[in-house]
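Dear colleague,

I am passing on the structure we spoke about, with the sequence alongside.

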Amino acid sequence: MIDDFDLYANVERPAGHPDRMERCRQCCGHVYKDSNQEVKTPQASFSGNQHRERCVVDDCLSPPQKWVYFSGSLYQVSSTKKTWNQSRSDCFQKGADLLIINSKEEQAFANRFQKYMWIGLTDVTNEGSWKWVDGTAMSTSYWSSKEPNGGKGENCGDIKNFNAEKSWNDESCSLSLLWICEKKLYQ
C-alpha cells in the first residue's frame with residue numbers, strides 16, 4: 001500500500017533562511033535530519049553549509065498515527081472511525097484539516113491508502129454546490145459513476161471506490177468512517 005512512499009518530509013531552504021527551523025517544527029515536532037543525515041533538534045545550531053534538512057516524520061510521532069509526506073503537505077489516515085464532523089475536529093486538533101484534493105496526482109496518492117474514508121468535501125450549506133473545507137468550490141471532481149446521488153441526505157464526501165481513479169461518493173455525514181487529515185507545510 002504506502003510502503004513505497006517517502007515517510008520523510010523534505011524541507012528545502014537556502015542556507016541561513018530565517019524560517020528553516022520553523023518548517024521542521026511544523027513538520028515533526030522539533031526533530032529533523034541535517035544534510036549529513038544526523039538527527040538534530042532545534043537547540044542545535046545551523047551551520048552555513050547546511051542546505052537541506054529532513055524532518056523525521058516517522059520518528060517523532062507515535063504509531064500508528066504517522067504522517068506521510070506528498071507534494072508540500074503531510075497526510076495522516078485515522079485508525080478509528082468517526083462522523084464527518086468528528087473527523088474534521090480531530091484534524092483541527094492536529095493543526096490540519098480534512099483532505100482537499102487539488103490534482104490528479106493527489107487523487108491517485110489518496111487512493112493508494114486503499115481506505116474508505118472521509119475527505120474535506122461537503123454540500124451541507126447549499127445542496128448540490130460542493131465545496132472544500134477551506135471554502136473553495138470543487139473545480140475538478142473524481143465522483144464514482146452516478147455520484148453524487150444522495151440529495152439532502154448525503155452531504156459529505158468520501159473516497160469509497162479507491163481502486164478506481166473516480167473514487168468519490170457522497171454519504172450521510174453521520175456515518176462513521178475512517179478519515180484523512182492534510183497539513184499544508186507551505187501556505
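This is a predicted model: local features need pLDDT of at least 70, side-chain atom pairs count only at pLDDT 80 or more; totals for chains, interfaces and linings use all residues.

Residues are numbered from 1 along each chain as its sequence is written, and side-chain values use heavy atoms, with hydrogens and water left out.

The protein chain contains four helices and 12 strands, taken as DSSP runs (H or I of at least four residues for helices, E of at least two for strands) and numbered from the N terminus. Of its 187 residues, 43% count as buried, that is, under 20% relative accessible area with a 1.4 Å probe, protein chains only, where exposed is over 50% and partly exposed lies in between. Among contacts (heavy atoms within 4.5 Å) with a separation of 6 or more, 65% are between residues 24 or more positions apart.

Leaving aside residues up to four places away in sequence, Met117 touches Val77, Ala110, Asp158, Ile159, Leu178, Trp179 and Ile180.

Eight aromatic pairs were counted, a pair being rings of Phe, Tyr and Trp (its six-membered ring) with centres within 6.5 Å, called stacked when the planes are under 30 degrees apart, edge-to-face when over 60 and tilted for the rest. Tyr142 and Trp168 are edge-to-face, at 5.6 Å centre to centre and 75° between the planes; because Tyr142 lies in the loop between β9 (131-132) and β10 and Trp168 in strand β11 (168-171), this pair ties together parts 26 residues apart in sequence. Trp168 is buried at 0% relative accessibility, and its ring also pairs with that of Trp143, with centres 5.5 Å apart and planes at 90°, so this pair too is edge-to-face. Trp143 is itself buried, with a relative accessible area of 9%. Trp130, Trp132, Tyr142, Trp143 and Trp168 form one aromatic cluster.

Lastly, the charged end of Lys183 sits over the ring of Trp67, 4.9 Å from its centre, the criterion being NZ of Lys or CZ of Arg within 6 Å of the ring centre and within 35 degrees of the ring normal.
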